[in-house]
Every structure is written in structure tokens, then in C-alpha cells.
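User: I am new to this structure and would like to learn how its features are read. Could you take me through some of them, beginning with the general idea in each case?

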Amino acid sequence: MIKSMTGYGVGAHENAKVKYTVEIKSLNSKFLELNIRLPKVVSDKELTLRGECSKLIERGKVNILISSEYTDHTAKASSINIELLKKYYHQLKSIADEIGEDSSSLFNLALNMPEVISNNDEEIDQEEGKVLMNAFYLAIEKFNAFRSDEGNVLKIDLEKRVNLILSYLTEVESVEGDRIPLIRERLNNYMEDTVGKENIDKNRFEQEIVFYIDKLDITEEKVRLRSHCNYFIEALNSQDSNGKKLGFISQEMGREINTLGSKANNSDIQQIVVRMKEELEKIKEQLLNVL
């Protein structure tokens, strides 16, 4: 079954300490283009997330936003090295007293000295890492479900348009019955008008007619086009269906439709071919968004 490259999914997971929320959005792209925004505290998980995305998302222009919310607001609070703060303060005050400077701002100065305040966001523990990954996998599950639902909509539309092309092919077959006799008659009348009936070499004329009509025969194109359309529908409904394969089949369909139009030499058939091309262009547009 096909999937759309457009997708959306949100997953959240929490424990007693923290809650992680992962939001995934994607648009169509020939390759996997990842943009991951995550808190600094889990920056070491980026390579892991990218590896999982390459397996689970495959293709698309993907934006992933990860946010964290701590239940215990002191869990990641900054800590103060009290002993180091005291040491800095006493040293600064001693110098200020010695040179007779005002000491009212020394506390703020000591507080901003190196290593007095340390942030507890260097890394996360194993349990918190599991919370993040669980939220990620839940978001991926919803994201892929969204892609599958969108893919079903695309599948219905694509199948409908290919069946329209097949119906137009039946119309071609219904109007081409008199095409060859009319071409023969038109050429015969042209020869009689230009060189005279009595001057026409019938044997040579028949040879040239057979050669010319063979060039205008569209039987092979009809057979191949019908085969390509049926193969497209078969591939569309297969378990390993993918947009690239369907794109290749649609290219082959286009070649046969173009040849039909160039060999038709019939206004009715050429009008039908134009309608075929319209449907094929819509198919190609839709395939740009198929995974």
C-alpha cells in the first residue's frame, strides 16, 4: 500500500520526573531532509534519532520538534558551590578593605566568578532517555498512520485516473475502425486527382499503401498502454508499492500515449489522446507526494 510523504504526528511520554513531547511534520522531497530541534540536555541523542528516522521515515522534508517539561522544577536547577563562593567573596573583601574600596557589590561579583554556579543540564540519565525515545516512537507511530491514511486517499485518486485512461483507450478502439479505410480512400483520391486514374501503377500503389499504413498502425501502442495501466494498478495495490516505481510506470504510459497521438492521423483520436495526457499529468503531480 502506498503512503503519502505528507505526515504529522505528536507523541508524549512521561515519568515522575519529566515529560517529553515529540512533534513530527513532513512534506514531499526526493530524499530524507531532517531538521531536528531538541533541548540541549538531550543533544547527545540526535545521532540516534537521525538513525531511527532514516529507517522509519525513509523520505521527505521532515521537521522534528522535541520539548521537555520537568515535573520537579528543581530537577534541572542550577547549583551553587557555596564554599567556592565564600572563598571568592572573602578574598575580594580583603582586597577591597586593603585598598579602601566600596564592598557593597562584591557578592554579585563573587557569584559570577568561574565555577560558582553550575548548570545541571550536562546529560540525562538512562531512565530519562527511555522517556524521550518512547515519546519519539509514539510520534512516529501516529506520523506513519497519518501517512497511510493520506496514501489511501491518493491511491483512490490514482486508480480512478488510470481507469479513466483505460476508458479513453476503449474510446480510441471504438473510433479507429474506419481510420485505415478512410486514409486509403483519401490517398487514392489524391493520386487520381494529381496523376490521373489511368496513370496509377496499382501494384506500386498497394505496396506504398501497405508501407504507409503500417507506419500509422497503433495496435502495439494500444496493447502496451493497456499493459502499463494494468501494471500501474497492480503495483499500486502491492504491499511494497512506492512512488519511484509508479513514477517509472507512468513515464512508460506517457511514451505510449504520445506515440498514439503522433500516429493517429485522426482528429477524434487526437482529442481523446489530449484527455489521456490531462489525466496522466494529474497522476504525475500526485506521485510527487507518494513515498
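Analyst: Let us begin with accessibility. A residue is called buried under 20% relative accessible area, exposed over 50%, and partly exposed in between. Please keep in mind that this is a predicted model.

User: How does K284 count on that scale, and where is K284 found?

Analyst: K284 has a relative accessibility of 32%, and therefore counts as partly exposed. This lysine is found in helix α9. Its C-alpha lies 8.8 Å from that of Q251, although 33 residues separate K284 and Q251 in sequence.

User: How does E58 count on the scale of accessibility?

Analyst: E58 is also a case in between: its relative accessibility is 47%, so E58 counts as partly exposed. E58 is found in the loop between α1 (46-56) and β4 (60-70). Its backbone deserves attention too, for phi of E58 is near 75°, a positive value in a residue other than glycine.

User: Which residues of α4 and α7 meet?

Analyst: On the α4 side they include L158, V162, I165, L166 and L169, and on the α7 side L225, C229, F232, I233 and L236 are among them.

User: What is the general idea behind a nonpolar core, and which residues have the most contacts inside the largest one here?

Analyst: In soluble globular proteins, nonpolar side chains tend to be buried together. Here the largest nonpolar core has 30 residues, and those with the most contacts inside it are L158, I165, L225, F232, M253 and M276. Two or more residues come from each of α4, α7, α8 (243-264) and α9 (267-287). Helix α4 gives the most to this core, with 8 residues.

User: Which residues does L158 touch?

Analyst: Leaving aside residues up to four places away in sequence, L158 touches I2, F232, L236, I283, Q286, L287 and V290.

Notes:
Residues are numbered from 1 along each chain as its sequence is written. This is a predicted model: local features need pLDDT of at least 70, side-chain atom pairs count only at pLDDT 80 or more; totals for chains, interfaces and linings use all residues. Side-chain values use heavy atoms; hydrogens and water are left out. Contact means heavy atoms within 4.5 Å. Helices (H or I, at least four residues) and strands (E, at least two) are DSSP runs, numbered from the N terminus. A nonpolar core is a set of buried Ala, Val, Leu, Ile, Met, Phe, Trp, Tyr and Cys residues joined through side-chain atoms within 4.5 Å. Buried means under 20% relative accessible area, exposed over 50%, partly exposed in between (1.4 Å probe, protein chains only).
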